[in-house]
2 protein chains.
Amino acid sequence: MAAKLTSRQEDYSKWYNELVVQADLAQHSDVKGCMIIKPYGYAIWEKMQSQLDKMFKETGHQNAYFPIFIPKSYMSKEAAHVEGFAKECAVVTHYRLKTAEDGSVVVDPDAKLEEELIIRPTSETIIWNTYRGWIQSYRDLPILINQWANVVRWEMRTRLFLRTAEFLWQEGHTAHATKEEAIAETKQMLDVYAEFAEKFMAMPVIKGTKTASERFAGADDTLCIEALMQDGKALQAGTSHFLGQNFAKAFDVKFTGKDGSIEHVWASSWGVSTRLMGALIMTHSDDQGLKLPPALAPIHVAIVPIYKGEEQLASIKERMDPLIAELKAAGLTVKFDDDDTKKPGWKFAEYELKGVPVRLAVGNRDLANNQIEIARRDTGEKRSISMDGACAEIQSVLDQIQDNLFNKAIEFRKESSRKVDSYDQFKVEIEKGGFLFAHWDGTPETEEKIKNDTKATIRCVPFDSDDEKGTCMVTGKPSAGRVVFARAY
Amino acid sequence: MAAKLTSRQEDYSKWYNELVVQADLAQHSDVKGCMIIKPYGYAIWEKMQSQLDKMFKETGHQNAYFPIFIPKSYMSKEAAHVEGFAKECAVVTHYRLKTAEDGSVVVDPDAKLEEELIIRPTSETIIWNTYRGWIQSYRDLPILINQWANVVRWEMRTRLFLRTAEFLWQEGHTAHATKEEAIAETKQMLDVYAEFAEKFMAMPVIKGTKTASERFAGADDTLCIEALMQDGKALQAGTSHFLGQNFAKAFDVKFTGKDGSIEHVWASSWGVSTRLMGALIMTHSDDQGLKLPPALAPIHVAIVPIYKGEEQLASIKERMDPLIAELKAAGLTVKFDDDDTKKPGWKFAEYELKGVPVRLAVGNRDLANNQIEIARRDTGEKRSISMDGACAEIQSVLDQIQDNLFNKAIEFRKESSRKVDSYDQFKVEIEKGGFLFAHWDGTPETEEKIKNDTKATIRCVPFDSDDEKGTCMVTGKPSAGRVVFARAY
């Protein structure tokens with residue numbers, strides 16, 4: 001196991017970086033900005049994928065796969081989109097290497113592409129170019145497709161999971177006959193994301209609409225879920241975009257309606273990425289390591305036998321086997337750790353670091369008393385429970401942990417959220433972190449000024465607002481309702 | 001639905017291309033050599049992935065993810081590897097576009113990478129560069145990792161699924177303390193592939209070893225599974241490589257053994273790709289369309305109601321609902337097709353084209369007789385069965401279809417395999433297709449001559465051979481046993 005973590009209080013950012021590496025979640029690669037997702041981190045991502053995929057399919061979506069390469073010219077077809085995405089991207093210009101006279105390997109100048117290819121930063125362009133061939137009439141609609149893929153956005157300042165040049169994500173791309181249907185889809189998928197964040201990640205989120213300046217490049221509207229990290233900074237955890245007819249117009253995708261009229265198709269797109277791993281880590285973990293919600297934990301229960309000699313180990317194992325079988329039959333992943341090169345104390349620390357929700361310890365005396373020690377990762381609480389009915393008790397504790405993590409995060413967000421009514425007060429409060437609910441006059445100029453003055457951005461115009469009218473804290477102009485400000489990842 | 005397919009006899013290659021597109025499996029994209037995998041095709045690939053992933057995990061492997069970019073210099077570190085892979089690959093040279101004076105989008109010459117990045121054609125180099133940091137002692141071994149990813153190998157002549165510039169695959173990369181262990185892993189994973197091919201794809205395969213000239217670039221030994229397509233051409237369906245210490249040496253990956261000695265690590269790598277989709281299609285399908293083995297079919301049972309008016313449809317639906325629920329509870333995917341814009345005949349043809357294993361048709365008269373019509377896609381057989389016990393009967397038919405597809409493919413391979421003893425006879429026989437078992441003197445020169453003369457390659461030196469010694473059909477020199485020749489995809 002690795003060295004003790006820097007504490008969150010001492011240096012939150014350092015704590016995060018150390019935790020990601022020491023808990024074996026991910027590491028930087030030698031390729032600038034690209035990460036390696038290690039098996040333990042990938043196992044959590046697989047759990048996320050599997051649950052999200054299930055929810056996408058339950059809402060009628062199918063998976064498909066589109067090319068990683070986007071011809072340069074596609075990027076320019078939607079004016080706003082190219083501004084947002086074409087700038088920092090990986091460009092393929094050649095398709096062959098050759099051995100030079102000195103024996104080194106060089107790019108073959110004869111193998112230059114006629115048109116450069118961009119590694120997809122997002123796939124709207126190539127997908128809408130394809131949908132043109134798929135859609136003729138209203139009978140071809142809706143198209144409800146999702147893609148699991150890697151994407152690349154060249155980033156100079158990267159952080160594991162939070163901001164990397166290459167990352168993994170899913171991107172939904174849907175096509176509809178009406179504006180209303182496309183908007184309903186956009187909202188439905190935001191709800192799916194919010195449900196996933198709250199029920200599975202145990203991470204409360206605020207649902208809302210992005211301001212025009214924070215909108216996806218090419219969207220008419222961007223909906224988002226915003227979470228609050230333990231350092232008081234916000235993190236955008238998922239977005240769902242109503243694309244209007246922008247991409248349909250850019251790629252000439254029309255359909256014949258029931259009445260014979262010809263119209264452009266309406267669209268949505270929506271995505272979440274490996275960034276959720278960063279959100280998960282920063283929502284729950286502490287100075288001892290990760291805290292994983294049981295719904296996404298690769299190991300639910302770690303069992304550490306306390307023994308001397310093979311014989312004691314064998315008798316512990318024999319007594320635990322029925323319980324292990326019972327836990328597995330209940331769908332839980334259990335690790336019985338009989339590695340004799342490591343001491344129990346080392347193992348306890350390791351499972352704490354890895355965020356395993358429940359740890360059992362069992363020694364000879366426990367066996368004699370027909371009991372085991374159960375430790376909760378979320379509260380640190382330890383107690384002895386009877387071997388009889390232990391499976392049901394452990395399942396109940398796991399449920400409690402899932403709930404407790406969510407409730408603690410809700411509590412923290414509540415403490416860190418407040419209404420602010422003057423700009424002076426805002427400037428003081430923003431230093432303390434958290435969500436600030438304040439009035440804003442609705443103009444990009446004021447938004448920009450606040451950002452420049454305080455580094456705070458409008459995270460969203462929340463759906464759930466008390467609809468309280470007021471006046472902008474900066475300009476005194478009328479405001480339709482409070483919006484959510486925070487400094488953000 | 002699309003037009004009638006070209007028959008296999010008329011033009012096998014055309015039949016294949018039409019089938020892939022008309023059955024909605026995949027299509028060419030506008031990006032040269034890259035395919036779009038459509039939802040129905042992707043659903044089959046997901047079934048393959050899910051089963052393979054399960055088998056990998058059951059044999060102790062974990063998934064992880066490594067960067068898509070490989071620094072150019074990594075490619076040159078293993079001499080044989082660079083020869084094999086560095087030549088036809090996508091090269092990223094820049095990381096930014098900019099808007100030119102005329103408003104067009106161009107590559108920004110100021111954003112040139114110091115070192116070009118290659119899109120991974122396979123990941124040995126970046127993974128072994130990483131393993132150097134993961135492995136110090138024997139306690140860190142073995143490392144048993146798999147990655148699901150997209151890879152790019154620039155191809156000029158592409159065919160959907162069989163040969164595309166970008167394709168999806170999995171690549172296992174393992175590290176071991178001993179040569180024996182690495183070899184055992186290499187064999188184990190070939191067995192996993194063979195079991196998957198035979199039990200799930202219903203595709204018989206020959207297991208064997210590649211000759212030196214057909215070996216993976218950087219391997220000491222390449223094991224493979226070879227399947228026979230209906231046109232008599234062979235298809236390499238999966239490979240598992242014993243890499244010796246080649247990559248460990250190229251990337252300086254050493255470990256301290258139990259005895260304190262320091263040695264290079266031993267390695268294996270193994271992969272299968274979306275090429276399996278092509279193999280699946282060409283093993284079973286016919287002039288009416290796909291034939292999918294139930295183990296990989298996205299839809300197991302399609303139910304076509306034969307009715308006039310809403311009332312009849314409702315009564316059919318009501319009677320079928322319990323059966324549908326029963327089938328679903330048995331883990332089957334069922335589609336009740338009540339689309340009233342299409343006629344039953346059209347639907348029958350559509351499900352044939354899509355390879356759905358079992359089709360049920362049910363009309364008013366059937367209801368009166370308490371029966372349904374069941375049609376098997378593999379044999380075309382139609383008969384009436386009682387509604388009572390229909391679920392069990394359908395499950396049994398699905399099992400029969402899975403077996404029958406495999407047995408038919410075994411039968412075809414048997415008919416298409418023969419021993420050949422003279423080179424003249426070989427030249428005649430190779431024109432008829434199939435596997436030819438012949439003696440070869442073991443030299444690359446003779447292998448090359450046969451390839452140049454006949455376009456036939458040695459598919460493998462089979463594990464199961466009758467160990468019959470003989471003399472090379474070309475040179476008359478001694479041969480240790482027959483090897484398998486074929487023309488191949």
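Two strands are taken to pair if DSSP finds at least two bridges between them, and strands themselves are DSSP runs (E, at least two residues; helices are H or I, at least four), numbered from the N terminus. With that in hand, V91(A) finds its bridge partner in H94(B), a residue of β5(B). The model is a predicted one, in which local features need pLDDT of at least 70, side-chain atom pairs count only at pLDDT 80 or more, and totals for chains, interfaces and linings use all residues. Residues are numbered from 1 along each chain as its sequence is written, while chains are lettered from A and ligands numbered from 1 in the order in which they are written.

Turning to contacts (C-beta atoms, placed from the backbone, within 7 Å), 47 residues of chain B meet 47 residues of chain A. On the chain B side, 29 are nonpolar, nine polar and nine charged. In this scheme Ala, Val, Leu, Ile, Met, Phe, Trp, Tyr, Cys and Pro count as nonpolar, Asp, Glu, Lys and Arg as charged, and the others, Gly among them, as polar.

Within chain A, the domain assignment, automatic or from a database, gives domain 1 (26-284), domain 2 (299-397) and domain 3 (417-486). The C-alpha centres of domains 1 and 3 of chain A are 29 Å apart, and 16 residues of domain 1 are in contact with 15 of domain 3. On the domain 1 side, β11 (206-209) and β12 (221-228) of chain A are the elements that give two or more residues, and β11(A) provides the largest share, four residues. By class, this side has five nonpolar, five polar and six charged residues.

Note on methods. Two residues are in contact if their C-beta atoms, placed from the backbone, lie within 7 Å.
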